[in-house]
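Work through the exercises below with the sequence and the model open. Try each task before reading its solution.

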Amino acid sequence: MQQKDITIFTDGSSRGNPGPGGWGAVIILPEQNDEVQNAKLKVVELGGREDRTTNNRMELMAVLGALQFLSIGSECTIVTDSKYVLEGMTKWVYGWQKKNWMTADKKPVANQDLWQALLLASDGKKISWHRVDGHQGVAGNERCDDIATSFADNVISTLYEGSFEKYPLSKTILKYTHAVRTPGDGLSSGTKNTKGKKAYSYLSVVDGVAMRHVSWSECEKRVKGARGAKYKKSFSAEDERAILNEWQVKL
């Protein structure tokens, strides 16, 4: 079952570095599969705890927990306040793989186990990454912080699972969902309303090499089964350049 227009907020926290830590995720997704038009939204909150960990590990665990919840074929937007997570998953991880998980300084990559788990959990899913500033009033981010800190403090946190309409944050979180995001909403990059618009090109990156495709089937053939592959549809020459700049690659 594919799930589209999914928005995921994540955050991690630790009391000490290392110290007890927690992570939280808020997932907003359709209640039914993508074959049902205008499906209502639901919200699923996730969280977890480790007795001795670091903030970076909890940031990674939040994303990992959310991605493992989703089915293969899902399309989602992940909103995080962690530059470490975003830069790692969109840039650094591919170089680490090529260098057998060694840094430029010839040292083992920190948190290699979680990076590898994230690559596995990302396989077969289409992911867009966005970063927000933490503690700036972004409702989804603030809720994830509450969940993460509660788990870090070993305080029982009631996690919500149910309809979006009944979610306590429904009115304040709505403008950050993938389906209705607009420019100027506090995200590092926005998603335009492109429903029904003809594609200008299809872009893919496999093993750090970018290619342009004239059809989705051609693009899909290249990325299918390729671990860590990225792909995206562009709607204009400007949009194509923006995607390539975001990926830090050239054709």
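**Exercise 1.** Decide whether Thr-90 is buried or exposed in this predicted model.

Solution. Step 1: locate the residue. Thr-90 sits in helix α2, which covers residues 83–98.
Step 1: apply the cut-off. A residue counts as buried under 20% relative accessible area. Thr-90 has 10%, so Thr-90 is buried.
Step 2: list what surrounds it. Beyond its neighbours within four places in sequence, Thr-90 is in contact with Trp-129, Lys-230 and Trp-247.
Step 3: look for a polar partner. A polar atom of the Thr-90 side chain lies 2.6 Å from the backbone oxygen of Leu-86.

**Exercise 2.** Describe the helix α2: what is its span, and where does it bend?

Solution. Step 1: take the span. α2 has 16 residues, and its first and last C-alpha atoms are 22 Å apart, close to the 22 Å expected at 1.5 Å a residue.
Step 1: find the bend. At Met-89, α2 bends by about 55°.
Step 2: pick out the buried residues. Among them are Tyr-84, Met-89, Val-93 and Trp-96.
Step 3: find their packing partners. The buried residues of α2 pack against α1, β4, α3, β5, β9 and α7.

**Exercise 3.** Give the strand order of the open sheet of six strands, and name its edge strands.

Solution. Step 1: read the order, which is β5-β4-β1-β2-β3-β6, with mixed pairing.
Step 1: identify the edges. β5 (126–131) and β6 (161–163) each pair on one side only.
Step 2: note the twist, which averages 20° from one strand to the next.
Step 3: examine one pair. β4 (residues 75–80) and β5 run parallel and are joined by six bridges.
Step 4: α4 (residues 139–152) lies across β1, β2 and β3, at about 145° to β2.

**Exercise 4.** Examine the backbone at Lys-106, Asn-154 and Pro-18.

Solution. Step 1: recall the background. Most residues other than glycine have a negative phi, and most peptide bonds are trans.
Step 1: check phi. Lys-106 has a positive value near 65°, and Asn-154 has one near 60°.
Step 2: Lys-106 lies in the loop between α2 and α3, whereas Asn-154 lies in the loop between α4 and β6.
Step 3: classify them with the cut-off for exposed, which is over 50%. Lys-106, at 68%, is exposed; Asn-154, at 58%, is exposed.
Step 4: check omega. The peptide bond joining Asn-17 and Pro-18 is cis, with omega about 20°. Pro-18 is in the loop between β1 and β2.

Terms used: Residues numbered from 1 in each chain as written. Predicted model: local features only at pLDDT ≥ 70, side-chain atom pairs only at ≥ 80, totals over all residues. Heavy atoms only, no water. Pairing = 2+ DSSP bridges. Helix = DSSP H or I, 4+ residues; strand = E, 2+ residues; numbered from the N terminus. Axes fitted to C-alpha atoms, helices over the stretch in contact; angles between N-to-C directions. Contact = heavy atoms within 4.5 Å. Buried < 20%, exposed > 50% of the residue type's maximum accessible area, 1.4 Å probe, protein only. Polar contact = N/O pair within 3.5 Å; in protein donor to acceptor, adjacent residues only side chain to side chain. Expected span 1.5 Å × (residues − 1). Bend = angle between axes of the 7 residues up to and from the residue.
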